Amino acid sequence: MTALQKVEAIRDRKGKRAIAALTAYDYPTARLLDESGVDVLLVGDSLGMVVLGFPDTTHVTLEHMLHHVAAVARAKPNALVVGDLPIHTYDTPEQALETARRLVEAGAGAVKLEGGVSEAEKVRAITSAGIPVMGHLGMLPQRVLEEGGYRKKGRTPEQTEAIREGAQAIIDAGVFAIVLESVVPDSARFLTTTLSVPTIGIGCGDHTCDGEVAVITDLLGSYPWFVPPFAKPQADVAGATREAVRRYVKNVENPSHPQ
Ligand code: KIV
Ligand code: NA
């Protein structure tokens, strides 16, 4: 399937089968997730935190993103590869299009950016050039410093209406799906039934959206120093890694009693 066919298939899933998305930042992870049947591989700018060791996503550059999108694309996944536009790489429609083009050249099949009404023209610039765009509303991590923390969104009818307006603006500009982050469950459910494109939730409660996305380190338990409250770890890769390395160190130090 071409990237555009994958995008259409995802759009068509609305109201049918739920969409399973995960982040991936490197070749082996992309291959493993793809072999396990995930629909979307998001090279998210969460990269900055869970791979590069920055405190938040505001440190991520386009160079970082291109390096990791290319690694994921080398896995030639069946899943759609979506690359995030990092902060300050889409300050104008022209810059947004140029950034999106570079992510596509690196191997992304679609791109994602954060925001609603204020970003609609930028979405339009990218979709008009034939590059599919995924939206991202609710909690916007690229604005965490302005907002002074990660807070739940859609807690009042006014907040929910603001998200709905933003969603409609970017849908009109051509997004094929929208990530909803940290939107309270009732609001996420309302937005999901109201909006014409699939919603993909993270931190929105169970079964409130048309799909879910998780940060792969949260799923695998491989980044134990910060685990968001909504994470549902299915493995303890951090524990397995520490155990394997402890054994390795012991075996190197004491080869006559291998463990
Ligand atoms: O960067 C990321 O991982 C994301 C997801 C949380 C949706 O944008
Ligand atoms: Na992101």
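Gln259 counts as exposed at 53% relative accessibility. The scale is this: buried means under 20% relative accessible area, exposed over 50%, and partly exposed in between, with a 1.4 Å probe and protein chains only. Gln259 sits in the segment after helix H11 (237–253). Its C-alpha lies 6.3 Å from that of Arg247, twelve residues apart in sequence.

This is a predicted model: local features need pLDDT of at least 70, side-chain atom pairs count only at pLDDT 80 or more, and totals for chains, interfaces and linings use all residues. Residues are numbered from 1 along each chain as its sequence is written, chains are lettered from A and ligands numbered from 1 in the order written, and side-chain values use heavy atoms, without hydrogens and water.

Glu181 is buried, with a relative accessible area of 12%. It belongs to strand E6. An unreviewed UniProt entry annotates Glu181 as "active site". UniProt positions follow the numbering used here, feature names are shortened, and annotations may be inferred rather than shown by experiment.

Now the strands around E7. Helices (H or I, at least four residues) and strands (E, at least two) are DSSP runs, numbered from the N terminus. Two strands pair if DSSP finds at least two bridges between them.

| Strand paired with E7 | Sense | Bridges | Opposite residues |
|---|---|---|---|
| E6 (residues 177–181) | parallel | four | Glu181 and Ile202 |

From E6 the chain crosses through helix H9 (residues 185–194) to E7, a right-handed β-α-β crossover. Right-handed means that, with the strands pointing away from the viewer, the path from the first strand over the helix to the second runs clockwise.

In a regular strand the side chains alternate between the two faces of the sheet. In E7 (residues 199–202), Thr199 and Gly201 point one way, Ile200 and Ile202 the other. All four are buried.

Which residues line the largest cavity? They are Ala21, Val40, Leu42, Met134, Val179, Ile200 and Val213. By class, the lining has seven nonpolar, no polar and no charged residues. Here Ala, Val, Leu, Ile, Met, Phe, Trp, Tyr, Cys and Pro count as nonpolar, Asp, Glu, Lys and Arg as charged, and the others, Gly among them, as polar. The volume is about 30 Å³. One cavity of 30 Å³ or more is counted. A cavity is a set of points, on a 1 Å grid over the protein atoms alone, where a 1.4 Å probe fits but cannot get out; lining residues have an atom within 4 Å of a point.

Definitions and conventions
On a 1 Å grid over the protein atoms alone, a cavity is a set of points where a 1.4 Å probe fits but cannot get out, and a pocket is an open set with protein on both sides within 12 Å along at least five of seven lines; lining residues have an atom within 4 Å of a point. Grid points are joined across faces, edges and corners, and a volume is the space filled by probe spheres set on the points.
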